[in-house]
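I opened this notebook to keep track of what I looked up, entry by entry.

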Amino acid sequence: MFFSKKPKEPIEVPVGFTDLHCHILAGVDDGAPDDDHMYDLIRLEYDCGIRHICFTPHYNPALFTPKPDKIAESFAKAKLFISENFPDMDCALGNEVFMRPDTVERLRDGSCRPLGGTKTVLTEFHPTTTFDEMRMYVVKLLSNGYKPLIAHIERYDNLSDLDDIYELKSLGAKLQINTEAFESRRKKLIARLVEEGGIDVVADDRHNRERGNPDFASCYAYVAQKFGRRAADALFITRPLSILNISSK
Ligand SMILES: [Fe+2]
């Protein structure tokens, strides 16, 4: 994995990252199966410099149907664990919202939620969603007062044309990539977008201990080395914080 290669010059990696996309809450989706696993994942996030987490369990009724009480219970346990063990860390709740025709209604009735009490919705598409459908969902969210942050854009075969990507951005969508995007089959496209300032957020999308997502801190060092410190700070710190309406220090 190239993140583990030594940078040409040593990069000072700060603490204070924000992770806006993860499946750490226990027993609510295909993420952490139990409380101990959840606590280990929170420790991993802390150890690589993350100080703000927005938990984003899947909202996709075709695959996961956790009771709202279960999400609330798991979030309360995570919050307590963080306050007792990592007082300089904070957390919020959202969902990774799978787009369906009734998504806006489900956001309005509270079946699913934007990120941390904001209007930004972590937006997931089916892998076969066409570009026209993506644009339709983006417009629908925006026209109803929500701000789409499209999750892991490196995954969508139908979102690989630069003009299409920039069209979604010009409409008002923000774009998120996972740490592994820099090593994905789309790495050239991702590198170009990062160079041009087209990507808004890097997030972890961590599901479990075993699935070895590239470490946040190593990914920051890689981005700082290749694209500059300013780009790395924007992607890992300032833009995700601004989405949560938290001012950076
Ligand atoms: Fe996810």
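Predicted model: local features only at pLDDT ≥ 70, side-chain atom pairs only at ≥ 80, totals over all residues.

Entry 1, H1 and H2. I looked up how helix H1 (residues 35-47) lies against helix H2 (residues 68-85), and found that their axes come within 11 Å and cross at roughly 45 degrees. That makes H1 oblique to H2, in a scheme where angles under 35 degrees count as roughly parallel, over 145 as roughly antiparallel, 65 to 115 as roughly perpendicular and the rest as oblique. For the axes I noted that they are lines fitted to C-alpha atoms, for helices over the stretch in contact, with angles that run from 0 to 180 degrees between N-to-C directions. The helices (H or I, at least four residues) and strands (E, at least two) are DSSP runs, numbered from the N terminus.

Residues are numbered from 1 along each chain as its sequence is written.

The crossing of H1 past H2 is right-handed, a crossing being right-handed if the near helix is turned clockwise from the far one by less than a right angle, and left-handed if anticlockwise. Which residues of H1 and H2 meet? From H1 I listed Asp-35, Met-38, Tyr-39 and Ile-42, and from H2 Lys-77, Ala-78, Phe-81 and Ile-82, where contact requires C-beta atoms, placed from the backbone, to lie within 7 Å. By class, the contact of H1 with H2 has 6 nonpolar, no polar and 2 charged residues; Ala, Val, Leu, Ile, Met, Phe, Trp, Tyr, Cys and Pro count as nonpolar, Asp, Glu, Lys and Arg as charged, and the others, Gly among them, as polar.

Entry 2, H4 and H5. Helix H4 (residues 131-143) and helix H5 (residues 162-171) have axes 10 Å apart and pack at an angle of about 10 degrees, and H4 and H5 are therefore roughly parallel to each other. On the H4 side I found Phe-131, Met-134, Arg-135, Val-138, Val-139 and Leu-142, which meet Asp-164, Glu-167, Leu-168 and Leu-171 of H5. The residues of this contact of H4 with H5 divide into 7 nonpolar, no polar and 3 charged.

For H7 and H8 I read that the axes come within 6 Å and cross at roughly 140 degrees, which makes H7 oblique to H8. H7 passes H8 in a right-handed crossing. Tyr-220, Val-223, Ala-224 and Phe-227 of H7 meet Arg-229, Ala-231, Ala-232, Leu-235 and Phe-236 of H8, and the contact of H7 with H8 holds 8 nonpolar, no polar and 1 charged residue.

Which members of the largest nonpolar core touch the most other members? Of its 68 residues, these are Ile-24, Leu-25, Met-38, Phe-55, Tyr-220 and Leu-235, a nonpolar core being a set of buried Ala, Val, Leu, Ile, Met, Phe, Trp, Tyr and Cys residues joined through C-beta atoms within 7 Å.

Asp-205 is found in the loop between strand E9 (201-203) and helix H7 (216-227), and its phi is near 55 degrees, a positive value in a residue other than glycine. Is Asp-205 buried or exposed? Asp-205 counts as buried because 23 C-beta neighbours lie inside 10 Å; a residue is buried if 20 or more other C-beta atoms lie within 10 Å of its own, exposed if 12 or fewer, and partly exposed in between. Asn-245, in the segment after helix H8 (229-243), also has a positive phi, near 60 degrees. Asn-245 is exposed, with 12 other C-beta atoms within 10 Å.

I located Thr-118 in the loop between helix H3 (103-108) and strand E6 (120-124), and with 18 C-beta neighbours inside 10 Å Thr-118 counts as partly exposed. Not counting residues up to four places away in sequence, Thr-118 touches Ile-243, Leu-244 and Asn-245.
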